[in-house]
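This report walks through one protein model, part by part. Keep the sequence and the 3D view open as you read.

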Amino acid sequence: MATLVAGTPWMRIRVFHELAPPFLFRRHFRRNSSVRASIDSDVPVRVRFAPSPTGNLHVGGARTALFNYLFARSKGGKFVLRIEDTDLERSTRESEEAVLRDLAWLGLDWDEGPGVGGDYGPCRQSERNSMYKQYAEKLLESGQIYRCFCSNEELEKMKEIAELKKLPPVYSGKWATATDEEVQEELAKGTPYTYRFCVPKEGSLKIKDLIRGEVSWKLDTLGDFVIMRSNGQPVYNFCVTVDDATMAISHVIRAEEHLPNTLRQALIYKALGFPMPFFAHVSLILAPDRSKLSKRHGATSVGQFREMGYLPQAMVNYLALLGWGDGTENEFFTIEQLVEKFSIGRVNKSGAVFDSTKLRWMNGQHLRALPFEELTKLIGERWKSYGLLTESEGPFIDEAVQLLKDGIDLVTDSDTALSNLLSYPVHATLTSPEGRSVVEDKLSEVSASFLAAYDSGELLGALEEGHAAWQKWVKGFGKTLRRKGKSLFMPLRVLLTGKLHGPDMGSSVILIYKAGNHGVVAPQAGFVTLRERFKTLRQLDWEALNQDHPALESAATVST
């Protein structure tokens, strides 16, 4: 029996003689020997995020990077970025640059890696091939691996036989016990070969995962696995083990889909005499239907969310809460607070559902938490670039942001918010089912008095003076009409803004008035000035609007 038991601070490996393959025991294994990999508890924490540059940075990968970053920062350790680009056909520098850009946007600055350097480089697997070959030769010399000359046809035949016998599809070990003469004969013929790792045929291997607890595997389900392909390229599990060991990685925090790889990697650690790191396997991010989150569920990459107008601090906050919490009801965290509170022991092993509605809400919280100067700069530049305004800063932008910010969850929402303020869909509102009650409440009489106030100049005078004058005018206007509360404010809102709902009416009207006077609105923004609004009110057919619903629909058609 073989067990790998979690110890403190490092894993302990115990190997008994009956686990060794016959040739390994005969040549290189001593009966009742034990191997102990350990390291002092004061060794610095070093974690790594190792993306493959074969596409965009998925939110699942971003969360894994975040957990590594938070763990390293909370422990005063190092966060290492390593590029696993051994898939030569799919790996591209463009994808690598996109991943680096997304990580930098999230604020996950790495201590070692591309553009930074470090004492344990190179940081790309494609630049570390000589090291993999060096360690493969070491294993070959010690008898831990062997050359396998089996053809693809032979391997397929082994799988078929295993299926017929209802056994695991493991390699039969044909070349594990080959003589030197047999090996040299194939080498002389130039037969392609792979390197296979000798796996004990009995027993089990056990680890204590920092998130999932005790995990074990039976060794007889594995079979001798390939670590180097026939083209000389190393296999993933071999590269990762050599890289993590030679980069002095103390904790491997990664997605749970890598949990099965731990068995092969633990065996390679032992064979090379490397100390074992701690393992922590993070649950998958699930879609609302609890399937694995994928492109069919909508945006899944960090770059997509950035383009949609999400803030990096909101993404970081939300991703941290997918499987982790600080034990309180608090959901709003800055990255500094996350570093202070993060603990791997509070990471949940069950899958976390990605809720885009919750992410949007959280983005709104972070957006409104920005210093006002930063918020106005962000939204002002957006409005100008989007073609709504001719300038990106100034009193109008400040007042517009202050008025509209509570309805903005994404920076891109600000376009719609300002466009709504500038528009005047009074025909659509008055002919809608919801607008019917307002029309029936003698809206035509209010409109007539309202037009008279406009023509006399008293309304414009109040708007020119500001909020206090506006409020005073509204109060007096209400007394004249013997209206107050909703019966006063709803008609005024509809007549001035063309809408039944919206932000504070007084601030909206004053802003509309200023927009018409200051020339800040771009010509293509679809802005309806106060003058144009009152012109529209003069042209309304109140008789048609006061008829039954069929007539309303007809009036709506004529008006539009």
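## Terms and ground rules

A residue is called buried when its relative accessible area is under 20%, exposed when it is over 50%, and partly exposed in between (1.4 Å probe, protein chains only). Helices (H or I, at least four residues) and strands (E, at least two) are DSSP runs, numbered from the N terminus.

The model is predicted: local features need pLDDT of at least 70, side-chain atom pairs count only at pLDDT 80 or more, and totals for chains, interfaces and linings use all residues. Residues are numbered from 1 along each chain as its sequence is written, and side-chain values use heavy atoms, with hydrogens and water left out.

## The whole protein

Start with the overall count. The protein has 25 helices and 13 strands. It holds 560 residues, and buried residues make up 50% of them.

Now look at contacts, meaning heavy atoms within 4.5 Å. Take those between residues at least 6 apart in sequence: 74% of them join residues at least 24 apart.

## Helix α2

Helix α2 covers residues 59–74. Its 16 residues reach 22 Å from the first C-alpha to the last. That is close to the 22 Å expected at 1.5 Å a residue. The expected span is 1.5 Å times one less than the number of residues.

Is α2 mostly covered or mostly open? It is mostly covered, with 14 of its 16 residues buried. After α2 comes Gly-76, which has a positive phi near 70 degrees.

## Asp-224 in its loop

Asp-224 sits in the loop between β8 (213–218) and β9 (226–228). Why does Asp-224 count as buried? Its relative accessible area is 4%, and the buried class takes in values under 20% because that is where its cut-off is set.

Two polar contacts involve its side chain. A polar contact is a pair of N or O atoms within 3.5 Å; within protein, one must be able to donate a hydrogen and the other to accept it, and residues adjacent in sequence count only if both atoms are side-chain atoms. The Asp-224 side chain makes one of 2.8 Å with the side chain of Tyr-146. Another, of 3.2 Å, links the side chains of Asp-224 and Lys-201. Setting aside residues up to four places away in sequence, Asp-224 also touches others, including Tyr-171, Arg-196 and Cys-198.

## Two helix pairs

Two packed helices are described by the angle between their axes and the distance between the axes. Axes are lines fitted to C-alpha atoms, for helices over the stretch in contact, and angles run from 0 to 180 degrees between N-to-C directions. Angles under 35 degrees count as roughly parallel, over 145 as roughly antiparallel, 65 to 115 as roughly perpendicular and the rest as oblique. Ala, Val, Leu, Ile, Met, Phe, Trp, Tyr, Cys and Pro count as nonpolar, Asp, Glu, Lys and Arg as charged, and the others, Gly among them, as polar.

Helix α13 (residues 372–385) packs on helix α14 (residues 395–404) at about 105 degrees, with the axes 10 Å apart. So α13 is roughly perpendicular to α14. Residues of α13 in the contact include Phe-372, Ile-379 and Trp-383; among those from α14 are Ile-397, Val-401 and Leu-404. The contact has 8 nonpolar, 3 polar and 1 charged residues.

Helix α21 (residues 486–497) and helix α23 (residues 530–539) have axes that come within 9 Å and cross at roughly 110 degrees. So α21 is roughly perpendicular to α23. From α21 come Leu-495, Leu-496 and Thr-497; from α23 come Leu-530, Arg-533, Phe-534 and Leu-537. By class, this makes 5 nonpolar, 1 polar and 1 charged residues.

Find Ser-447 in helix α18 (residues 443–456). Ser-447 is buried, at 1% relative accessible area. Beyond its neighbours within four places in sequence, Ser-447 is in contact with Leu-495, Leu-537 and Trp-542.

Lys-472 belongs to helix α20 (residues 467–481). Lys-472 is exposed, with a relative accessible area of 67%. Its C-alpha is 8.2 Å from that of Ala-462, 10 residues apart along the chain.

## Backbone exceptions

Most residues other than glycine have a negative phi, and most peptide bonds are trans. Arg-290 is not a glycine, but has a positive phi of about 70 degrees. Arg-290 lies in the loop between β12 (285–286) and α9 (302–307) and is exposed at 52%. Arg-482, also not a glycine, has a positive phi of about 55 degrees. Arg-482 is in the loop between α20 and α21 and is exposed, at 81%.

Where is the cis peptide bond that involves Pro-122? It joins Gly-121 and Pro-122, with omega about 0 degrees. Pro-122 lies in the loop between α3 (93–106) and α4 (129–142).
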